[in-house]
Amino acid sequence: MKEGKSFEISKYQVLEAYKRVKANHGAGGIDEMDFTEFEKDFKNNLYKLWNRMSSGSYFPLPVRGVEIPKRNGKKRLLGIPTITDRVAQMVVRMNFEPLVEPKFCSNSYGYRPGRSAIDAVGITRKRCWKMAWVIEFDIKGMFDNIDHELMMKAIQAHTDCKWILLYIERLLKAPIMMADGSSEERNSGIPQGGVISPVLANLFMHYTFDLWMERQYTQNHGVRYADDGVIHCRTKETAERLLEALKKRMVTCKLEIHPDKTRIVYCRSDRYPGRHEHESFDFLGYTFRRRLVKSENGKFFNSFTPAVSKSAGQNLKNKIRDIRQSNKILSLEKLAGIMNPILRGWSNYFSKFCASEARKVLNYVNHTLIRCIRFKYKTIKRSKAKAYRYLIRIAKAQPNLFYHWKMGIRPTVG
């Protein structure tokens, strides 16, 4: 430890933390400083942060409150720290995450290295074939309502490092400043948008739900991704009892199960006949329900399986439509440059299960391109058929121009 420094934090850790933060991009905080501005005085900015953190005098600025729309029309409040504070959070995360990540349960999938949402969808699919009933649940305002006292107890169970405890507590209490200049103190919750927030949320839910399930309900596997989750049960009666226990457990931990997003679902299929009020559920963008599928030997049967949800499909259509409306005179090549990153990410995720449903949604892009062509070229403006023939020629000449064309989803005569 350097003379006069309270905590042993290396300059290398601060530099490495900055590299990781920059790789994740992101907007600036309340100081409105972006990465270009930060790097104008790069060495001095990092040195000041290191000096403050290692001496115990680091205090984060308020986070910038940004409201983003949700699919249900409501808004989610993000708390965006400054670049300096994101680097500080990353320094803490780099030292704290290795202490807790190995302790997390196997059924926790959100924000964890080597695990993904598609992994959670896959294991849920398999378990729906083995158990006829599912509890679909959502935790109401989880990030906003996590109790700070309980959170710190969970952290203290894994480290006694004074500077980690000190800075996590300060980061938790950092006020949130809204666009109108008003400031709001935080006595609970973890700001969505913070670098360390996913790790802290997972730690809190590790004790609140994951470990509780493993100890109390060994026969009922739960799958959780952040504040969304499912629990598999063999009978309806078991599901009803477990749901009541889950509600009580959340109250004990000062959280609440969302009443409108939580229900018991029957995994209806050829294996599980009969009917129930709820026979489908949405999880991580996929809708699980009874579908007609084809076996390896060519026979058709009814299986309870996932495919892209209507809301996820509509979300892609909205993005593509907005691109078209904002770039009406661009060439197809330039449109491809804008659309392809969106198409690639969406396709790679939603083509994993029941790809035929995803392909139907992706065909919408071809219809959008027809509109672009008809708007741009006066000679074919009045003829939809001519526009289709023109796009077909382009697709044959440049089959890799759009990402969905590479997948074989090319225009045909409409």
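Helices α7 and α9 are roughly perpendicular to each other (65 to 115 degrees; angles under 35 degrees count as roughly parallel, over 145 as roughly antiparallel, and the rest as oblique). The axes of α7 (residues 148–156) and α9 (residues 197–216) come within 10 Å and cross at roughly 90 degrees. Such axes are lines fitted to C-alpha atoms, for helices over the stretch in contact, with angles running from 0 to 180 degrees between N-to-C directions. On α7 the contact (heavy atoms within 4.5 Å) is made by L150, M151, A154 and I155, and on α9 by L200, L203, F204 and Y207.

The model is predicted; local features need pLDDT of at least 70, and side-chain atom pairs count only at pLDDT 80 or more, whereas totals for chains, interfaces and linings use all residues. Residues are numbered from 1 along each chain as its sequence is written, and side-chain values use heavy atoms, with hydrogens and water left out.

The protein chain contains 15 helices and 11 strands, taken as DSSP runs numbered from the N terminus (helices: H or I, at least four residues; strands: E, at least two). The C-alpha trace spans about 75 × 60 × 40 Å along its principal axes. Of the 414 residues, 50% count as buried, where buried means under 20% relative accessible area, exposed over 50% and partly exposed in between, with a 1.4 Å probe and protein chains only. Among the contacts with a separation of 6 or more, 67% involve residues 24 or more positions apart.

Helix α3 (residues 42–55) has 14 residues, and the distance from its first C-alpha to its last is 20 Å, close to the 20 Å expected at 1.5 Å a residue; the expected span is 1.5 Å times one less than the number of residues. Buried positions in α3 are N45, L46, L49, W50, M53 and S54. They lie on the same side of α3 because they cover an arc of only 150 degrees around the axis, the arc being that of the directions from the helix axis to the C-beta atoms. These buried residues pack against α1 (11–23), α2 (35–38), α4 (83–100) and α8 (162–173). Just after α3, G56 takes a positive phi of about 85 degrees.

An open sheet is formed by four strands in the order β2-β1-β4-β5, with mixed pairing; two strands pair if DSSP finds at least two bridges between them. Its edge strands, β2 (75–80) and β5 (183–184), each pair on one side only. Strand β4 (residues 176–177) pairs with β5 in the antiparallel sense over two bridges, and I176 has E184 of β5 as its bridge partner.

Strands β6 and β7 (residues 228–233) are also antiparallel, with four bridges. The bridge partner of R224 in β7 is G229. Both faces of β6 (residues 222–225) are covered, with G222 and R224 buried on one side and V223 and Y225 buried on the other. Two residues separate the strands of this hairpin, in which A226 takes a positive phi near 60 degrees.

Most residues other than glycine have a negative phi. H25, which is not a glycine, has a positive phi of about 60 degrees. H25 is located in the loop between α1 and α2 and counts as exposed, at 58% relative accessibility. C354, also not a glycine, has a positive phi of about 50 degrees. C354 is found in the loop between α12 (332–350) and α13 (355–376) and is partly exposed, with a relative accessible area of 27%.
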